[in-house]
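Student: I would like to go through this model one point at a time. Please show it first.

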Amino acid sequence: MGSKSDFNITDLLTGFDSMKLSALRNAAKLSPLIKERTLGPDCVDFSHKTPPRGASVVEETKSVEAAKENDLNVSNEGTPRSDRKADADEKKTPNGSPFAGCIPSDLTNCAAVTSKLYQEDLERQRLAGVQKILAERQSKIQLADKQRDVQLQQSLQEAKLTAARKWQDSEQRLLNAIREQEQLAQEAAARRQAEIEQENRRQSDIQAQLKRRQEELKRKAQLIEAIRQHNGQFRFGTETFTKALTAIGVQHATKFTNQKKSMRVLQKDFEQLLQTINANHEVTQADVDQAVEYSQPVPKPELVRETDDALLRSKVSPECQQFYNEIKSYYEQNQTAVKQLMDDPSMKTYRFNCQKAINVPVNAISAVNREHFIDKYRRLAALLGGQNVKAGETMVSINGHPLGRTYCTMLMAKKFVSQGDTSISSNASAAFPIAAIIVALWQQFPEFGRFFLAYLYRECPYLVPYYLPQHEGQSKEEYLKSLGYRFADGGVMENHDQYLKRMAGMARLYAAVCITVPSRDERRPHPHGLEYGWRWLANMLNLPPAPEITPTLMVEFLQTAGADLHVAYGAQFMKALRALHGVYLKNLSRVDTGGPMARLVGLMEQIMQAGKIEQPEGKLSANFW
């Protein structure tokens, strides 16, 4: 890079014309000095001659060429044969040209330039060859890459096809499996549906059989109940006839010998009918019709009619009769007055709000805790006291109508009495918190207590106690309704057991009212305390027992109020119980042998053995409120 042989080709080519002129001038200068031939095979060998002063330049030129020959970057492959021969000839010349020292510097530069150009040409040829080889190799590589790409694409295509086939196969297998599962599921569902339909048919058949059986049992129960009622009516009629004959005396009774014989025949026929039903364990409509025929009212002679008033007086004491009439009259007067409000269409919303203000707290009465209990009492007392109380989303007051006070008081009393049926008949302990609020309202609002007794006696006149007679011209349905029976649409009477259950609830409620201890903050006396319970028991023992209803009431009353009566009346109460256990049960056994009679006998045996009566479960403590 720093040697003298490194020339700028561009500069040399630029001054090439001047160089040619210089070469010609130099040749002209050298021509007189050269006598031998310098070209051709027979030229003089100047290598053995001592070079002149300018030999250093030629040597330098050779050293440059030698350096180029030893340079790995300069290729000697492309050196022409003529050049190689010239080199050999130069080697044969021992000492070079004899005129070497006479060659001027311009000629030396020209040779160097020529050599440089030649070398560059050779380099270009070599580079072109290398580029050609590289191009061919690149072409082969590209061809190989293309072939490889083609093969790769083919492989990828084949792989895709293979994967697609595998996916399709697997998808087909999956679809086949799904179809198989669906088919199995459909078959299973079909089998299940068939089983369900078969089971439904079986259940339907069973239900139909049960329904037919229930209807048959219901029909039989109705027929048996009808037989029982007619039996009771027949016994009641025969007893009435017998007592009437007894009341008119022996001198008049002989006039009714034929009637007595007819009555004995009827009794015998009725007993035969009952024995046939018991023996066959089957009752038919014909048997009921026969019982209806037997239980028709017995014709009464004039003398017997004259004794009816005396007979009726034996069904209720004069004291109870008077009290009952007073309560009944008070109720009827107010019922007539309040009818104006009840029939007014414009007051329908007012009546509904009053009902809501009463029903909600009454239905929620319980002894769950003192605060809850007092809250229900205060809400009811506030309504009867004329305050505005909440009824749903609105407010209501008894001052909303001139008859509002009477209407709400009667409505509330009726609602409390209905609790004996809806709540107390199924839950005996519920009677005590309800009775406590009844007593508290009774103390504050005496008219409420009167209406309470009026509705209670309408539901169960036996709590007076009063055996209501059937008046002349009164239908059988009307008479039974007066005794507390209920009839559905179409005149179908309720089941007798339902009637007894409701009467039992009423008796529990009445007994709970009698023994309830008033609130500690209330200074007014109990309006219907324990003495009324004692009066009821004594009057019941003085009346002839009625089948099923009287033992039902006795059991409930003694279980609820017996312990308090024992504490209050001591030996006198035990004397009454002994009379009940003796004479009363003996008389009851003549007209009743059913379940209520058995319950009363069992209770009396337990009381007489223990000598006491246990306190009822659920009774409120004296300091509850």
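Student: Is Asp 564 buried or exposed?

Tutor: This is a predicted model, in which local features need pLDDT of at least 70 and side-chain atom pairs count only at pLDDT 80 or more, while totals for chains, interfaces and linings use all residues. Residues are numbered from 1 along each chain as its sequence is written, and side-chain values use heavy atoms, with hydrogens and water left out. Buried means under 20% relative accessible area, exposed over 50%, and partly exposed in between, with a 1.4 Å probe and protein chains only. The relative accessibility of Asp 564 is 15%, so Asp 564 counts as buried.

Student: Which residue forms a salt bridge with Asp 564?

Tutor: A salt bridge is a side-chain nitrogen of Lys or Arg within 4 Å of a carboxyl oxygen of Asp or Glu. Here the closest N and O atoms are 2.8 Å apart. The partner is partly exposed, with a relative accessible area of 27%, and the residue is Lys 619.

Student: Arg 508 and Glu 556 also meet in a salt bridge. How many residues apart in sequence are the parts that this pair ties together?

Tutor: The N to O distance of the pair is 2.6 Å. Both residues are buried, Arg 508 at 14% relative accessibility and Glu 556 with a relative accessible area of 4%. Arg 508 belongs to helix H18 (residues 496-515) and Glu 556 to helix H20, so the parts tied together are apart in sequence by 48 residues.

Student: Which helix holds both Glu 477 and Lys 481?

Tutor: Their side chains meet in a salt bridge of 3.3 Å, N to O. Glu 477 is partly exposed at 31% relative accessibility, and Lys 481 is partly exposed at 42%. The two are four residues apart, about one turn of the helix, and that helix is H17 (residues 476-482).

Student: How many salt bridges does the structure hold?

Tutor: Some of them are linked in a network that joins Asp 421, Glu 459, Arg 486, Glu 494 and Arg 502. The structure holds 19.

Student: At what angle do helix H13 and helix H15 pack?

Tutor: H13 spans residues 370-384 and H15 residues 431-444, with their axes 11 Å apart. The contact (heavy atoms within 4.5 Å) includes Phe 373, Tyr 377 and Leu 380 of H13 and Ile 437, Ala 440 and Leu 441 of H15. Its residues divide into 10 nonpolar, one polar and one charged. Axes are lines fitted to C-alpha atoms over the stretch in contact, with angles from 0 to 180 degrees between N-to-C directions, and the value is about 35°.

Student: Which residues have the most contacts inside the largest nonpolar core?

Tutor: A nonpolar core is a set of buried Ala, Val, Leu, Ile, Met, Phe, Trp, Tyr and Cys residues joined through side-chain atoms within 4.5 Å. The largest has 115 residues, and its largest share, 17 residues, comes from H20. Not counting residues up to four places away in sequence, Phe 416 touches residues including Leu 380, Ile 437 and Leu 509. Those with the most contacts inside the core are Phe 416, Leu 441 and Phe 452.

Note on methods:
Nonpolar A, V, L, I, M, F, W, Y, C, P; charged D, E, K, R; others polar.
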